[in-house]
Amino acid sequence: MLLKRTHGAGTLRAEHEGQTVTLSGWVRKRRDQGGVIFIDLWDRSGLVQTVFDSSECPAAHAVADQCRGEFVLAVQGLVRLRPAGTQNDKLDTGAVEVRAISAEILNPSKTPPFQLTDERISEEIRLEHRYIDLRRPQMQANLKLRHQVVKACRDTLDSLGFWEVETPCLIRSTPEGARDYVVPSRLYAGKFYALPQSPQLFKQMLQVSGVERYFQIARCFRDEDARADRQPEFTQIDLEMSFVEQEDVFAVVERVISAMWAAAGVELETPFPRLSHHEALDRFGSDKPDMRFGMELKDLGDIFADSELRVFQNALASGGRIRGIAAPGCAGYSRKQIDDLTQLARRFGAGGLVSILVESSGYRSSIQRYLTQEQVDRICERLSAGPGDLILIVADRASVVSEALNRLRLHLGQALGLIDSTSWKFAWILDFPLFEADDSGALSPSHHPFSHPKNPRDVELLETAPTEVIGSVYDLAVNGVEMGSGSIRVHDPRLQLKILELIGISEEKAWERFGFLLHALSYGAPPHGGIALGVDRIVQMLAGEQTIRDVIAFPKTASGIDLMLDCPSELDAAQLKELHLDVVLPAADDPA
């Protein structure tokens, strides 16, 4: 390369007028006007117009004549102000242009598989040619934003005395929760490593080691079934602290989150509100509530205690709930619109949906014969509903009522334009139950089995009423999205064994699977706690993207396929032999 770059293409401004500069980048657009060729030259700093005039520099013009889209080009030229009336206010460099003195094609390019300015290109083609897709300004901006917010996180944690420590990516499989990705060992036939679903156990052992304040920008892996906006490998901000309580963790995380949002140009107000898990479900029907708008859920069971409507009777008799929301200005909804809302409620478990259209002259309802004016008045008062509003009621098991009304609330909030897309409403969700019970009564941890009960009374309840135990567990939610999850951890090996026993892991199995942790806790483990925050989700929200795939450099598809590398792929016979593996494919009619 004869011409050595002196400036970034996007850094040139009016104050550079008269300077001779050398730029290196890609040809975004070429316009040939006979004796003059205009080339929009871009690099990661931005784009500038370069001018090749055959009457000024025939040799440079000849080089430009050979250029096509995405050729790699070096240009030496003189910075000039653009002629009056030709400035481009949409560009940071729009006041200037570079008049070429010499040019060199550093590498030609085949015709790209799609136009980089085409926003309609399919995601499959974009992912197959990701190295081209990443040249688009939007993707360049997303990568830069990701770098900036992660750097802000690192800098903040460093200033707070945290050490960044890497933990292993080849570990022992502990088959709890999601499936592990496993890695066969060549040296030890029939044995396997696993890729970490999180650094959870290592960061706890680092606290035993006296590190006290640890963090890591950690790569994690989960072999989950295909989901629309999940990736088999993802990145999280992992941190852990010794000698802390919940509020100490919150204070650190609020500093980190504020710094990350500030790196994206957004100032946040702290401290974030605190809501108990019960309160979040009661008000919003969700443990990751979107608090940017109202339409909160209200209980109506007492109003319908004597109702003759069978669905209400059955719900209350079985310990269920009757709850409702009021949609402002929706009393004019058509039968079809209400039927669509009913189908949405049914999709999330509800048997049906009761509607009341409040009008200035009265009301109309799908259960008109079972309602009195007094009941409607009480419902309106409780839901703060008035003429022109639509009341929606679900009667069912508590979990079904919460989920159905939460989904209706979010759908209507979006449809009615009630959500301020420029606001950020964070909240800490606290006091989760430590365990969840299935229909058979079997217990599973609400988060993971290494979380500590909240107080001494909760420890005592482990023996008598484990489903009533409140955990020292917390989530950070923003705008209806779970941003992170954490807890104060168990630091007593006896208590850890008890919790594992309650979720069906015998002491023998516990030592087999988690013996390294139990041993570590036996050597003076300090009280400790922490959290993990999802980097991909954070950057997606800050970038305003609809999918995390647009903020990851080389993502998989929603079904876990890498279209660029064409993987997962098969191993050849020699590789399989070396790894002591045979491949047994399922039969055509085997769903596995």
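Guide: Start with E296. This is a predicted model, and in it E296 has a relative accessible area of 25%, so it counts as partly exposed. R283 is also partly exposed, at 26% relative accessibility. R283 and E296 form a salt bridge, with the closest N and O atoms 2.9 Å apart. R283 lies in helix 7 (residues 277-284). E296 sits in the loop between helix 7 and strand 12 (298-299). The two are 13 residues apart.

Now compare other salt bridges. R489 pairs with E240, the closest N and O atoms being 2.8 Å apart. R489 is in the loop between strand 21 (481-488) and helix 13 (493-502), while E240 is in strand 10, 249 residues apart. Both residues are buried. D225 and R179 form a salt bridge at 3.7 Å between the closest N and O atoms. D225 is exposed, with a relative accessible area of 58%; R179 is exposed at 53%. The count of salt bridges comes to 45.

Turn to the rings. The whole structure holds nine aromatic pairs. One of them is F250 with Y474, edge-to-face, 5.1 Å centre to centre and 90° between the planes. F250 belongs to helix 6 (residues 246-263) and Y474 to strand 20 (residues 473-478). They are 224 residues apart in the chain. Both F250 and Y474 are buried.

Charge meets ring at F293. The charged end of R409 sits over that ring, 3.9 Å from its centre. Elsewhere, W261, F272, W424 and F426 form one aromatic cluster.

Key: Residues are numbered from 1 along each chain as its sequence is written. This is a predicted model: local features need pLDDT of at least 70, side-chain atom pairs count only at pLDDT 80 or more; totals for chains, interfaces and linings use all residues. Side-chain values use heavy atoms; hydrogens and water are left out. Rings of Phe, Tyr and Trp (its six-membered ring) pair if their centres lie within 6.5 Å; planes under 30 degrees apart count as stacked, over 60 as edge-to-face and the rest as tilted. Helices (H or I, at least four residues) and strands (E, at least two) are DSSP runs, numbered from the N terminus. Buried means under 20% relative accessible area, exposed over 50%, partly exposed in between (1.4 Å probe, protein chains only). A charge sits over a ring if NZ of Lys or CZ of Arg is within 6 Å of the ring centre and within 35 degrees of the ring normal. A salt bridge is a side-chain nitrogen of Lys or Arg within 4 Å of a carboxyl oxygen of Asp or Glu.
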